[in-house]
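Have the sequence and the model open as you read.

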Amino acid sequence: MNHPKLINQILEYGTAGFRTKANLLDHVLYRVGILAVLRSKFKKATIGVMITASHNPVEDNGVKLVDPHGEMLAPDWEVIATDLANVSDDRLSSLIDSIVHKWEIDITSPSNVIFARDTRPSGSSLSASLLDGIKSLNSSFTDFEILTTPQLHYLVHSINTNGLYGTPTPEGYIKKLSAAFNQLHSNIKHETTPFEKPRIFVDGANGVGALQVKKMSKEIESYITIEVFNDATSGKLNHMCGADYVKIQQKAPEGVPIIPYERCASFDGDADRVIYYYFDSDKRFHMLDGDKIAALIAGCISDFCVQAGLSVDLGVVQTAYANGASTKYLTDTKMLKVACVCTGVKHLHSKAQEFEVGVYFEANGHGTVLYKASVKQKLNQVIQNGSSDDSCRVAAENLLNFIDLTNETVGDSISDMLLVETALKIKAIDVLMWDAMYVDLPNRQLKTQVCDRSIFVLTNAEQQVVKPESIQPKIDELVSKYKDGRSFVRPSGTEDVVRIYAEADTQMNADWLAYEVSLVVY
Ligand code: 16G
Ligand code: ZN
């Protein structure tokens, strides 16, 4: 038996695919190889597999499937994935037969699986196990080796649209984004140009994002200087650095110079999240998270639409972790529609698809923008009509390039960073003015271990606990004691913990509220 299952621990395909200690994953990767081929035959399309544990420690690893249009694996197949990963070796082949039968898969039809991995040392042996699984069903495949998660999503979508979305190569990805960025920046002309060529410090989390952003920076150096730190040459992946560290610790990563008002961006280990930050003249740290990125980008798109004379249905999708001040700013000041959904990219992504333009971001920095084909058609119409109003046409062109700069398949550190840089340039604002759009309510995140986190049943986009019944009234009572108080608890989908989020008028109050709520669930 190849890649025998040597552990009894049940692994579940969750929001992040399978994720655990790397040394427990050999048989899982082999079986995911089989799963990907079955999915490819079923969908009659290329399927992607990404080997990564994102922001988790370097000793962990994980794997997830990418569906034909670069989206997350459909929920009904998550169940199949879990079954396949956990079945005993002697029942594996009969389970495969039953999947083929139940889903009426033509096992003789062609299939294609593409895969990539982040920079974790365990990645190459796990990708060899994956390949053995793929080969066991004689599928065609391409090993793209080390890429960011969003690059793999881009490739899957590009292959399945025969190159319509972009040239299906890693170089095609760099070319598509850099061409759009350069075009936008050559178009931007302010009457008085208040800023020199911008510079940004990137914390690459010692991961794959550092390698890829260096390639990108060469292509766009006429318009922006990107200096990369924590670039995977010596430091440990995600250790004291990266988007998750910055967001959760609310402090700067190690390894990036502290220069007042210099814009800095932290990526995570597989480069699908980005968090901005800067220091003021007192060397005080200020963070601009996914909520602030969403506010900037949504505002910029809405301005483009107005200038192009278009009315579009634009909405912003958040989760319960979104800072209350950001929700208030989007709804009250910007008059935009805001929806709140459960944590996890698939929930945000599918909600965003309901809008003509759906901007979705998790506070942790994962997000992107989705555009309906109708928007692109309307923009092309504005350009073709040769509007007498030149600014109308320029705005339409700019928005089309903005769309090309977006990785519409999934959140993407590099693409999102370039969208932010473009929006700042277009609006002619610096990081301080961006930060001043609204003031974040002080907040705190904690986590606590419980005996059994599966007993928690939530409702209202994970903002309220239904079961155990005693918990929510206690949280409500605590929240009512604090000005601007808000708090919720939810079981993690990636760790064996329950997470606690709290915000209030002062940092001390947010800390206290989080602490008191943690005692309720403990
Ligand atoms: C996964 C999700 C991310 C979410 C996080 C929450 C995807 C691709 N990733 O990393 O969106 O924020 O889980 O983690 O869906 P938690 O359940 O441990 O809080
Ligand atoms: Zn990630």
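This is a predicted model: local features need pLDDT of at least 70, side-chain atom pairs count only at pLDDT 80 or more; totals for chains, interfaces and linings use all residues.

## Domains and how they meet

The domain bounds used in this report come from an automatic or database domain assignment.

## The chain as a whole

Let's step back to the overall build. The chain contains 17 helices and 19 strands. Its C-alpha trace spans about 70 × 60 × 45 Å along the principal axes.

Of the 522 residues, 51% are buried. Among contacts with a separation of 6 or more, 71% join residues 24 or more positions apart.

## The annotated serine

An unreviewed UniProt entry lists Ser54 under "active site". You will find Ser54 in the loop between β2 (46-51) and β3 (60-66).

Is Ser54 buried or exposed? Ser54 has 28 other C-beta atoms within 10 Å, and the cut-off for a buried residue is 20 or more, so Ser54 counts as buried. Setting aside neighbours within four places in sequence, the contacts of Ser54 are Ala16, Asp268, Gly269 and Asp270.

## Around ligand 1

Now turn to the ligand. Which residues come nearest to ligand 1? Of the 14 residues around it, these are Thr15, Val345, Ser492, Gly493 and Thr494.

Sorted by class, the shell around ligand 1 holds 9 polar, 3 charged and 2 nonpolar residues. Domain 3 (290-416 + 428-435) and domain 4 (443-521) each supply at least three residues to this shell.

## Backbone spots worth a look

Most residues other than glycine have a negative phi, and most peptide bonds are trans. A few places in this chain do otherwise. The peptide bond from Lys467 to Pro468 is cis, with omega near -5 degrees. Pro468 sits in the loop between β17 (464-467) and α16 (471-480).

Gln250 is not a glycine, and its phi is positive, near 55 degrees. Gln250 belongs to the loop between α8 (243-249) and β8 (263-267). Because Gln250 has 17 C-beta neighbours inside 10 Å, it counts as partly exposed.

Lys283, also not a glycine, has a positive phi of about 60 degrees. The loop between β9 (274-279) and β10 (285-288) holds Lys283. Lys283 has 10 C-beta neighbours inside 10 Å, so it counts as exposed.

Conventions: Residues are numbered from 1 along each chain as its sequence is written. Chains are lettered from A and ligands numbered from 1 in the order in which they are written. UniProt positions are given in the numbering used here, feature names are shortened, and annotations may be inferred rather than shown by experiment. Helices (H or I, at least four residues) and strands (E, at least two) are DSSP runs, numbered from the N terminus. A residue is buried if 20 or more other C-beta atoms lie within 10 Å of its own, exposed if 12 or fewer, and partly exposed in between; C-beta atoms are placed from the backbone. Two residues are in contact if their C-beta atoms, placed from the backbone, lie within 7 Å. A residue is near a molecule or strand if its C-beta atom, placed from the backbone, lies within 6 Å of it. Ala, Val, Leu, Ile, Met, Phe, Trp, Tyr, Cys and Pro count as nonpolar, Asp, Glu, Lys and Arg as charged, and the others, Gly among them, as polar.
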